[in-house]
Amino acid sequence: MSSSESKSIRSDILALIGKSSADGGASPSSAVKDEMTALLNQYKASSDDVSDDDVLFQIGQTVYGYDVTTISKENKKKSSAVNVKIIDFDYMKAFMKDVFLSYGVPEDRAETCSEVLIEADRRGIDSHGLGRLKPIYCDRMDNGILFPDRPIDVLKETDTTALVDGNLGLGLYIGPYCMQMAIDKAKKHGVGFVAVKNSTHYGIAGYYATMASDAGCVGFTGTNARPSIAPTFGVEPMLGTNPLCFGIPSDEEFPFVIDCATSINQRGKIEKYAREGVDTPKGCVIDEDGIERTDTDGILKDMVLGKCALCPIGGAGVEMGGYKGYGWATVIETLCIAFQSGPWGEAVCGVDRATGKPVPMPLGHFFLAIDIEALCPLDTFKKNTGELLRALRNSKKAPTGPGRIWTAGEMEHDARCQRMGQGGMPVPEPLQKNMVALRETRPGLKDKYPVLPFEQES
């Protein structure tokens, strides 16, 4: 079968999921389950490019009782471990840049987009580097919900502030543009703040905080996202996993950079629990009946149906301070929609609930830079920061712990050093398949990359 037939079957599956979700969250009937099984079997047989890791099979398994038997978990794990290939960073960045160019992204912006992604891989944040290229950026451009060459419009500007419209272009170039604008304003006037509307996924927030710290500024950035977190004492997904991110210069080899979601964990972590066959820790997820769920497989099913929500940092309720994470998630959401009059909640869920088809996700961001030299000598600030961080790391260790204390940004620095020492980044088999799929489908890539590094005989 052809790739066009695969896309057609995939659309039918999404439409069936949409209809099921529109039935008030009721469990699918046996007829619907049978129809889903038939469609998934057709989809799996339609093309060699269809991966068993496709989220549709996960939804089919958890919601519709579909039996995935093509590759066992154990065999898949062994296969992935054997087929991991270390590939040079420069090669991977060039490949990603060429992919963006093939979509019509202008040269300078393609360079920026690929740099943001490869920086995530350099830092060991594999979830936001090459792993995002195809499913987040390419697939969304293919679906017409993200655009490769939209202009950036400055709607309003003062000496220290700006309001920007990204026009649903790539957040990977909108983000660097706006943080640089904030830094430039800070260098002239002490502080710069830029609010953004109609942007899209902008990669690791830590990239932008580090832009500021490298320029001798304190950086602060955030973005909203599709609804996942329930408010304290609530059960409905209302807020994104909205990351809170600061970058602060120090006199060490790396800055202090804290970049973390305002939920305890994300869906990917719960899927990991499922693969390991373990319960989800209590307090991470709450269902529509207000029950703190631990049954991992049931949680995954009910998250698809909208019957479960993630809990904020601190967990459900107030006993462990869940209201604090809820408050921080709300701060980020507010700063991403209030200046911008931007959408939130269901309006940025990315899916037409009636049909299951993808729709644009117009996200908001904000970027703040504070010039340190406006308040004190930069070297003094860096020394003061470094002394605090070293004191924290040198403080008494827990006898049951790993024997080391880290400060934010240090683990990413360690990962960078380790990966530079090994000659590049690990590329597991699923990402190799993504690279092959892009080479085979994007114009010009097959001629430029006739043999990828993992295809060469050892």
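The crossing of helix 8 and helix 9 is right-handed, a label used when the near helix is turned clockwise from the far one by less than a right angle, with anticlockwise making it left-handed. Helices here are DSSP runs of H or I with at least four residues, strands are runs of E with at least two, and both are numbered from the N terminus. Helix 8 covers residues 171-189 and helix 9 covers residues 205-214; they pack at about 25° with their axes 10 Å apart. Each axis is a line fitted to C-alpha atoms over the stretch in contact, and the angle, from 0 to 180 degrees, is taken between N-to-C directions. The two helices are therefore roughly parallel to each other, since angles under 35 degrees get that name, while over 145 is roughly antiparallel, 65 to 115 roughly perpendicular and the rest oblique.

A word on what you're looking at: this is a predicted model, in which local features need pLDDT of at least 70 and side-chain atom pairs count only at pLDDT 80 or more, while totals for chains, interfaces and linings use all residues. Residues are numbered from 1 along each chain as its sequence is written, and side-chain values use heavy atoms, with hydrogens and water left out.

Which residues of helix 8 and helix 9 make the contact? On helix 8 they are Gly171, Leu172, Gly175, Pro176, Met179, Gln180 and Ile183, and on helix 9 they are Tyr207, Tyr208, Ala209, Met211 and Ala212; contact means heavy atoms within 4.5 Å. Sorted by class, the contact of helix 8 with helix 9 has 9 nonpolar, 3 polar and no charged residues. For that sorting, Ala, Val, Leu, Ile, Met, Phe, Trp, Tyr, Cys and Pro are nonpolar, Asp, Glu, Lys and Arg are charged, and the others, Gly among them, are polar.

Of its 10 residues, 9 are buried, so helix 9 is largely enclosed by the rest of the structure. Buried means under 20% relative accessible area, exposed means over 50%, and partly exposed is in between (1.4 Å probe, protein chains only). The buried residues of helix 9 include Tyr207 and Met211, and their cover includes helix 6, helix 8, strand 5 (217-223), strand 6, strand 7 and strand 10 (363-371). After helix 9 comes Gly216, with a positive phi near 80°.

Now step back to the whole chain. Its secondary structure comes to 16 helices and 11 strands, and 49% of its 458 residues count as buried. Take the contacts between residues at least 6 apart in sequence: 66% of them join residues at least 24 apart.

Helix 5 (residues 89-102) and helix 7 (residues 130-142) have axes that come within 11 Å and cross at roughly 5°. That makes helix 5 roughly parallel to helix 7. Met92, Phe95, Met96, Val99 and Phe100 of helix 5 meet Leu130, Leu133, Tyr137, Cys138 and Met141 of helix 7. The residues of this contact divide into 10 nonpolar, no polar and no charged.

On to the charged side chains. The whole structure holds 26 salt bridges, each a side-chain nitrogen of Lys or Arg within 4 Å of a carboxyl oxygen of Asp or Glu. In one of them, Lys97 pairs with Glu111, their closest N and O atoms 3.2 Å apart. Lys97 is in helix 5 and Glu111 in helix 6 (residues 107-122), 14 residues apart. Lys97 is buried at 16% relative accessibility, whereas Glu111, at 31%, is partly exposed. Both belong to a network of salt bridges that also links Lys93, Glu107, Glu115, Glu119, Arg122, Arg123 and Arg416.

Finally, visit helix 13 (residues 378-393). Its Arg390 forms a salt bridge with Asp251, and Asp251 sits in the loop between strand 6 (244-248) and strand 7 (256-260), so the pair ties together parts that are 139 residues apart in sequence. The closest N and O atoms of Arg390 and Asp251 are 2.9 Å apart. Also in helix 13, Lys383 and Glu387 meet in a salt bridge at 2.7 Å, N to O; being 4 residues apart, they are separated by about one helical turn. Thr385, in helix 13 too, is buried at 13%. Leaving out residues up to four places away in sequence, Thr385 touches Ile248, Pro249 and Ser250.
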